[in-house]
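Hello,

Please find the structure below, with the sequence alongside.

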Amino acid sequence: MNPAYSVVFLTTLIGAGQGLFLALFTIESYAAFGLLPPQSSDFYALGGEISFALLSLGLFASFFHLGRPERAWRSATQWRTSWLSREVIALPAFMGVSFLYGVAHWTGVNPVLGELYSGMPVNITAVLGVAGSVLAFALFVCTAMIYACVRFIREWHSPLTVINYILLGGASGFSMAAALAAYMAPAVMPLLAGWALIITTLGLIGRGASLIRNARLKPKSTLQTAIGIKHQHIVQKSMGLMGGSFNTREFFHGQGAGRLRSLKWGFLLSVFVVPMGLLGVGLVSASGEVLVLACVVQYLGLLVERWFFLAQSYHPQNLYYQSVS
Amino acid sequence: MTQLALVIDLNVCVGCHACVTNCKEWNTSGEAGPMVDRNPYGKDPNGTFFNRVQTFEVGEFPQTETVHFPKSCLHCEEPPCVPVCPTGASYKRKEDGIVLVDYDKCIGCKYCSWACPYGARELDADQRVMKKCTLCVDRIYDTTMTAEERRPACVRACPTSARLFGDIHDPDSEVSHAIREAGGYQLMPECGTYPANHYLPRRKVKLRIREDEIERADNPLKIDGQLPKPGKAEPTLDDVSSW
């Protein structure tokens, strides 16, 4: 496929936003159960609004993917069958929750709604946090399933796609939360940086597994099945057009194998190896700058990773477009 | 249930592209608005087409065969492009099985083109919506036309009658006969899309002629001309045979 930058930005930005929200609510839950000292609500407020801003930027980027953005509202109608439609519902719902979560912490309007069996109070932010966490995971699944459900693009059609979207979004979000905590809630920084390290490591395993899987894939569709002629030697002599078309533009990234290989190693370094080192250094030295650098490097790497994910997908329609004349 | 479809005979197609031009002509002049045509006579002609004729060479020289392969939307019975559409613009008609795009609902997200393994869908660069073969739905039900004219433009244009049009669910239709009797097949069966359009394979037409068919058995002199006239005294066939 020819990766669209709108999709690259959409998926990486909302992934980071979701991960950041999950990281914030992890800290809030730990604090609620007394496992961590309570943190200032400014930390949650700013984190929640950064998460909302990332999601908004992602949504904004997604409009550039549409030919007719003014009709985008229609895309929420087919949630029964289309994962894209489900994402279109889950994203604004999650945005709303993350916005309210930030606002509740910002304004301090955080009434106790009830009590748990143990007598622990349940605040409105706890309810919003649980709802937001459910929506964050739902959104990860929707985003990933858009790709994973296309069954003949075999590089995408795998549970690893869903796992990696969750892990990579989580890794970037937790790295951001760690950087934020270094400035606003130093007590929880080690926990967040530790989790960011763990999720980044899991992400490396998951993404590595999908790279290995993709390298071994053999296409199911061949020129023989594409035109239904059973002969070992079939060569296209003409695709029926000379000036290019949607079919020649949309489905191939146009880069050589060497460029692709260097991009692959580039993102493996900048999404996983370098941030893992920086997170480790930041964890030990409690340096906010190093953690900010870690999350910036990781996000830039994720842009490459997402480009590569979209590019490294062989669409069977390319079988019909191999030779101009 | 009806499932209208094209059946394309690869044994007959000569690759003249008449179906391509007539398809473009009919559909660019229709109610749905023109199909993009940029630089039609310039260096990089570019535009939206519903139908293309491609050419493949099968085999190795000198034993090769040229196969012309017309390709348009196959109107799958399990169309993968329909469930992925987030707006419901892409749909399959219940009454005749034609897969269509509602140009007023399409948001141009291109997801359906990712989901189609055949590359049958194109984004129109001007209208910015997805377009594809409609099986000339604006033509085949137009009662102001004669019955002969109420067929897709590509079928009407084909000079060698390589394109048949009809209901593949009706076992007695011309297309069903062709599929059954000439070994009609579907493209990329491994994708599980069950395309309605079928292709008829290349067939070797061999005339088997036995020796005795070129040489008359009762021609002992090996002269295929007038037999020597027997003399008056010679015994006739009736005299020597036993019946």
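**Cavities and pocket**

The largest cavity has a volume of about 130 Å³. Please note that this is a predicted model. Over the whole structure, the search turns up eight cavities of 30 Å³ or more.

Seventeen is the number to look for around the largest cavity: 17 residues line it, and T161(A), N164(A), R207(A), S210(A) and F309(A) are those nearest its centre. Three helices of chain A, namely α5 (159-184), α6 (189-216) and α10 (288-311), each contribute at least two residues to this lining. Helix α5(A) gives the largest share, with five residues. Sorted by class, the lining of the largest cavity consists of six nonpolar, six polar and five charged residues.

The largest pocket has a volume of about 430 Å³. Its lining is made of 25 residues, and L10(A), S62(A), L84(A), E87(A) and V88(A) lie nearest the centre of the pocket. Within the lining of the largest pocket, the largest share belongs to α3(A), with five residues. By class, the lining of this pocket has 19 nonpolar residues, five polar and one charged.

**Helix α1 of chain A**

How many residues does α1(A) have, and how far does it reach from its first C-alpha to its last? It has 28 residues and reaches 40 Å, which is close to the 40 Å expected at 1.5 Å a residue. Helix α1(A) is mostly covered, with 23 of its 28 residues buried. Just after this helix comes G34(A), where phi is positive at about 80 degrees.

**Strand β4 of chain B**

Strand β4(B) covers residues 51-60, and eight of its ten residues are buried. On the chain B side, β4(B) runs antiparallel to strand β5 (residues 63-72), and ten bridges join the two. A hairpin through two residues connects β4(B) to β5(B). For a bridge to look up, take T55(B), whose partner in β5(B) is H68(B).

Strand β4(B) also pairs with a strand of chain A: β3 (residues 234-238) meets it in the antiparallel sense, over four bridges. Here Q236(A) has F56(B) as its bridge partner in β4(B). When you view these strands, remember that side chains in a regular strand alternate between the two faces of the sheet.

**Aromatic rings**

The count comes to 20 aromatic pairs over all chains. One of them is formed by Y147(A) and W156(A), with the ring centres 5.0 Å apart and 85 degrees between the planes, an edge-to-face arrangement. Are these two residues buried or exposed? Y147(A) counts as buried because its relative accessibility is 4%, and the cut-off for buried is under 20%. W156(A) is buried as well, at a relative accessible area of 1%.

This pair belongs to a cluster in which ring pairs link Y147(A), W156(A), Y165(A), F309(A), Y111(B) and W114(B). F309(A) is also one of the residues nearest the centre of the largest cavity.

Regards

Key:
Residues are numbered from 1 along each chain as its sequence is written. Chains are lettered from A and ligands numbered from 1 in the order in which they are written. This is a predicted model: local features need pLDDT of at least 70, side-chain atom pairs count only at pLDDT 80 or more; totals for chains, interfaces and linings use all residues. Side-chain values use heavy atoms; hydrogens and water are left out. Buried means under 20% relative accessible area, exposed over 50%, partly exposed in between (1.4 Å probe, protein chains only). Two strands pair if DSSP finds at least two bridges between them. On a 1 Å grid over the protein atoms alone, a cavity is a set of points where a 1.4 Å probe fits but cannot get out, and a pocket is an open set with protein on both sides within 12 Å along at least five of seven lines; lining residues have an atom within 4 Å of a point. Grid points are joined across faces, edges and corners, and a volume is the space filled by probe spheres set on the points. Ala, Val, Leu, Ile, Met, Phe, Trp, Tyr, Cys and Pro count as nonpolar, Asp, Glu, Lys and Arg as charged, and the others, Gly among them, as polar. The expected span of a helix is 1.5 Å times one less than its number of residues. Rings of Phe, Tyr and Trp (its six-membered ring) pair if their centres lie within 6.5 Å; planes under 30 degrees apart count as stacked, over 60 as edge-to-face and the rest as tilted.
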